[in-house]
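Visitor: Can you walk me through this one? I'd like to begin with ring contacts, then move on to charges.

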Amino acid sequence: MQNYRKSDYAINKNSPNIVYRFHNEIIEITLEDYLKENPDKTEHDFAELKALSDQIYYEQDRAESAQTRKDVSIHGLEETEHCATRALDEEWEERVVDIQNRKYAWKALEQLFTVGALTEVQKRRFRLHVFQGLSTRQIGRMEGTSHQAVAKSINLAIAKLKKYFAAQG
């Protein structure tokens, strides 16, 4: 695995593999892994999927760049008597709680992943959908499968998660 300090687009574009970056790990899907998991697919299918993945990352990168370049004029705001934002300490406390909840959820999910309740495909699709916010259609395009198959896989993973957590009390 290479040193990935660049944008998600640069990471994916400069790798021969399809790269998914999460907050605490990077997953690369190699041609060999793809063909092993999808025996009915070809190298050409992988190349198309890689190109689609590159395009999605490129569009995300451009959208992020465009958003960060927007300038907002604050002329005249110095005379405003009321501020529309919440107190900073309230926002900070909410953010801390949110971070803690995400850590707990991630730990629970990692624990579940290690007990073998989910297949590798379910794990990958669940991460992409829940933690990266990709739609089932986007995941389906990236993996070269239907969005219905992706949705079914994610729903099975959720059912397994519910069953596991219900058994844990």
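Visitor: How many aromatic pairs does the count come to?
Guide: One aromatic pair. The rule takes rings of Phe, Tyr and Trp (its six-membered ring) with centres within 6.5 Å; planes under 30 degrees apart are stacked, over 60 edge-to-face, and the rest tilted.

Visitor: Which residues form the aromatic pair, and how are the planes set?
Guide: Tyr34 and Phe46. The pair is tilted, with 55° between the planes and 5.4 Å centre to centre. It links distant parts of the chain: Tyr34 is in helix α2 (residues 31-37) and Phe46 in helix α3 (residues 43-68), twelve residues apart.

Visitor: Are Tyr34 and Phe46 buried or exposed?
Guide: Tyr34 is buried, and Phe46 is buried too. Buried means under 20% relative accessible area, exposed over 50%, and partly exposed in between (1.4 Å probe, protein chains only).

Visitor: Quick check on provenance. What am I looking at?
Guide: This is a predicted model: local features need pLDDT of at least 70, side-chain atom pairs count only at pLDDT 80 or more, and totals for chains, interfaces and linings use all residues. Residues are numbered from 1 along each chain as its sequence is written, and side-chain values use heavy atoms, with hydrogens and water left out.

Visitor: What elements does the protein have?
Guide: Seven helices and two strands. From the N terminus on, they run α-β-β-α-α-α-α-α-α. These are DSSP runs, numbered from the N terminus: helices are H or I with at least four residues, strands are E with at least two.

Visitor: How much of the protein do buried residues make up?
Guide: Buried residues make up 30% of the 169 residues.

Visitor: On to charges. How many salt bridges are there?
Guide: The count comes to five salt bridges. Each needs a side-chain nitrogen of Lys or Arg within 4 Å of a carboxyl oxygen of Asp or Glu.

Visitor: What does Asp54 meet in a salt bridge?
Guide: The side chain of Lys50, at 3.0 Å, N to O. Asp54 and Lys50 are four residues apart in helix α3, so about one helical turn separates them. Both Asp54 and Lys50 are buried.

Visitor: And Glu143, which residue does it form a salt bridge with?
Guide: Arg124 is one of its partners, with the closest N and O atoms 2.7 Å apart. That pair links distant parts of the chain: Glu143 is in helix α6 (residues 136-143) and Arg124 in helix α5 (residues 120-131), 19 residues apart. Both Glu143 and Arg124 are buried.

Visitor: What about Arg125?
Guide: The side chains of Glu143 and Arg125 also meet in a salt bridge, 2.7 Å from N to O. Glu143 lies in helix α6 and Arg125 in helix α5, so the pair ties together parts 18 residues apart in sequence. Arg125 is buried, as is Glu143.

Visitor: Which residues are linked in the network of salt bridges?
Guide: Glu37, Arg124, Arg125 and Glu143.

Visitor: Where does Lys123 lie?
Guide: In helix α5. Lys123 has a relative accessible area of 10%, so it counts as buried. Its C-alpha atom is 9.8 Å from that of Glu110, 13 residues away along the chain.

Visitor: Last topic. Where does Glu90 lie, and how accessible is it?
Guide: Glu90 lies in helix α4 (residues 88-114). Its relative accessibility is 45%, so Glu90 counts as partly exposed.
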